[in-house]
Amino acid sequence: MKKILLGLFILGTLGMAQQNYEVFVKSGVKISQSEVDRDSKEIENLINKEIIQRYNREGKKIIVEKATELYKKTIDNSINEIMEEVPKKQKQTFKDFTQKISEIMGSNMLNELNNSEISISKVLFPEKDNVKVELLFKSKNLDFDIDEIIDEVVKKSNISDDEFKHLEKINKAKLDKFYEYLESRVKEEMKNTDYNEEILEIETKKVNGKWKLEFDFNTFIDETIKYIENSSNNTDFNE
């Protein structure tokens, strides 16, 4: 279906060496190449100002703050639930251990939200004064096997199975090595993991000679936060 839809468009001759997006004009639309070049540039500038720059300047900060709050709340609730099953003499050691792991994981994963990117992917002219723009959202895939990483780090730290079952038996030197190896391993995982890519299609129309976006930035941020909240509510850290 995607190939069929794109087949209805003719690739414009906008200088691809200067742009990172493609421009398509629907067959039959009466528009000159110079108009396509001019309008595409005006739309690009508008989207950069109203969406991309605002996202980098304001949106990321709001999203990271909310995600940090939800992450801490979820982790604290999960630790408190697990603590009910932990023997009394191991409670404090277990709590310190799990909080440190959560801190390492959280700081690295939440930092990746700051590295998310928005860019223009395609500009499509189905009509002369009505343009569709595809925005590409790229962010790191954070869905990796933390249990496997911890097992790997435990072995590298020379922590025995018995010690891991009784955390109070692990000496500080081994614990420090464990946290150091974990930090390094998580950073490595973050570096090597693939990107998730999502496409958001928005419309822009020319009104009285000026391009106007059919897009509400605040609604976009609110919807993103709702998505994070739903993801947090559906995550079970006790599994």
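Author: Let us begin with a term: a nonpolar core is a set of buried Ala, Val, Leu, Ile, Met, Phe, Trp, Tyr and Cys residues joined through side-chain atoms within 4.5 Å. The model we apply this to is a predicted one.

Reader: What makes Ile-47 stand out in the largest nonpolar core?

Author: That core has 57 residues, and Ile-47 is among those that touch the most other members, together with Ile-120, Phe-125, Val-133, Leu-135, Phe-178 and Leu-182. Helix 2, residues 33-83, gives the most to this core, with 14 residues.

Reader: Which residues is Ile-47 in contact with, leaving aside its neighbours within four places in sequence?

Author: They are Ile-52, Ile-120, Val-133, Leu-135, Ile-202 and Leu-213. Contact means heavy atoms within 4.5 Å, so each of these residues has a heavy atom within that distance of Ile-47.

Reader: Why are strand 5 and strand 6 called paired?

Author: Two strands pair if there are at least two bridges between them; strand 5, residues 195-207, and strand 6 have five, in the antiparallel sense, and therefore meet the condition. Glu-203 stands opposite Glu-214 of strand 6, and in the hairpin of these strands, which has two residues between them, Asn-208 takes a positive phi near 50°.

Reader: Which residues of strand 6 form its covered face, and which its uncovered one?

Author: In strand 6, residues 210-214, Trp-211 and Leu-213 make up the covered face, whereas Lys-210, Lys-212 and Glu-214 make up the uncovered one. In a regular strand the side chains alternate between the two faces of the sheet.

Conventions:
Residues numbered from 1 in each chain as written. Predicted model: local features only at pLDDT ≥ 70, side-chain atom pairs only at ≥ 80, totals over all residues. Heavy atoms only, no water. Buried < 20%, exposed > 50% of the residue type's maximum accessible area, 1.4 Å probe, protein only. Helix = DSSP H or I, 4+ residues; strand = E, 2+ residues; numbered from the N terminus.
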